Amino acid sequence: MKVTVPRPQKRPVAEIDFCYVNGALPSFAWPPCLQGEGHQTRDSQLLDKRETSRKAVFLDRDGTLNKNTHYLIDFGSFELIPGVASALRLFQKLNYSLFVVSNQSGVARGYFPLEAVEALHRKIASHMTDLGIRLEEFVFCPHHPEGTIAAYAKECECRKPKPGMLRYLAAKYDIDMAGSFMVGDNESDALAGANAGAQGVWLKADAGVLPLTRQVDNRANIKEFVSLLDFAESLKGH
Ligand SMILES: [Mg+2]
Ligand SMILES: [Zn+2]
């Protein structure tokens, strides 16, 4: 079923209110909203670099790429879900750029510092490179309204299902959102995609048992698949 999603107006990166970006490979930039909090832009020129509009698959991390161990911070506990590497290679073959978009409220909850998330993402990115997979950038939201670390205990514009992180990437990489997907194991992942003008994909063990699509504020449908590979296979021939 073909779903038409209204194409969002493109906004300059600087106007977007978003949270935290960890560009693991190869770019690295701090978002404007944190620059006043002691961070500095390390690679600001990348924000001006535009390429031809491209399609993307935005990927949730825990429970989507790796088995969900809850508040993962140690790379030693990082375990790819079977079929994920094949799925990611297939996305690449179909000319989708890959990004990781993750809620990491463990920072706000004081379980681990921001830098530890960053370090983990660099290791994941490097591991993926060894597998022939290029993850363009990792973006994560460190906030949570009920956090214990004051700096991150807030309602923000990024925490999925809000679209802040996706909007940031869309503007930075000139992404054709209508032709792109946000995939995850939680409904909030798929909703974030729909809220950003992309297609939401919800990975569910029981997909197909429930109705395959549902309305989201009359704006977009969410597709359901049993696995990332299943979804990737569905894109063949499109
Ligand atoms: Mg998840
Ligand atoms: Zn946030």
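A residue counts as buried here if 20 or more other C-beta atoms lie within 10 Å of its own. Keep that in mind, please. The structure on the screen is a predicted model. Of the 238 residues in its chain, 42% count as buried.

Let's start with the layout. The chain has six helices and eight strands. Read from the N terminus, the elements go β-α-β-α-β-α-β-α-β-α-β-β-β-α. Now the contacts. Take those with a separation of 6 or more: 62% of them join residues 24 or more positions apart.

On to strand 3, residues 97–103. Is strand 3 enclosed or open? Six of its seven residues are buried, so the rest of the structure largely encloses strand 3. It has a partner in strand 2, residues 56–59. These two strands pair in the parallel sense, over four bridges. Look at Leu59: it stands opposite Val100 of strand 3. How does the chain get from strand 2 to strand 3? It passes through helix 2, residues 84–93, and this β-α-β crossover is right-handed.

Strand 3 also pairs with strand 4, residues 135–141. That pairing is parallel too, over six bridges. Val100 comes up again here: its bridge partner in strand 4 is Phe138. Strand 3, helix 3 (residues 114–130) and strand 4 form a right-handed β-α-β unit.

Back to helix 2 for a moment. Val84, Ala87, Leu88 and Phe91 are buried there. They span an arc of only 95° around the axis, which puts them on the same side of helix 2. The background is simple. An α-helix has 3.6 residues a turn, so residues three or four places apart point the same way. What covers the buried residues of helix 2? The cover includes strand 2, strand 3 and helix 6, residues 228–234. One backbone detail: just after helix 2, Asn95 takes a positive phi of about 70°.

Next, strand 6, residues 199–203. Five of its five residues are buried. Both faces are covered. Gln199, Val201 and Leu203 are buried on one side, and Gly200 and Trp202 on the other. Strand 6 pairs with strand 5, residues 181–184, in the parallel sense over four bridges. In that pair, Phe181 stands opposite Gln199. The chain goes from strand 5 through helix 5, residues 187–195, to strand 6, and this crossover is right-handed as well.

What about helix 5 itself? Seven of its nine residues are buried, so helix 5 is largely enclosed by the rest of the structure. The buried residues are Asp189, Ala190, Leu191, Ala192, Gly193, Ala194 and Asn195. Just after helix 5, Gly197 has a positive phi of about 85°.

Last stop: Asp60. You will find it in the loop between strand 2 and helix 2. Is Asp60 buried or exposed? It has 26 C-beta neighbours inside 10 Å, so Asp60 counts as buried. Which residues does Asp60 touch, leaving aside neighbours within four places in sequence? Its contacts are Val101, Ser102, Val183, Gly184, Asp185 and Asp189. Asp189 is also one of the buried residues of helix 5. Then there is Val139, 79 residues from Asp60 along the chain. The C-alpha atoms of Asp60 and Val139 are 9.9 Å apart.

Strand 3 pairs with strand 2 and with strand 4. Strand 6 is covered on both faces. And Asp60, in its loop, is buried.

Notes:
Residues numbered from 1 in each chain as written. Chains lettered and ligands numbered in written order. Predicted model: local features only at pLDDT ≥ 70, side-chain atom pairs only at ≥ 80, totals over all residues. Buried ≥ 20, exposed ≤ 12 C-beta atoms within 10 Å, placed from the backbone. Pairing = 2+ DSSP bridges. Right-handed = clockwise from strand over helix to strand, strands pointing away. Contact = placed C-beta atoms within 7 Å. Arc of directions from axis to C-beta.
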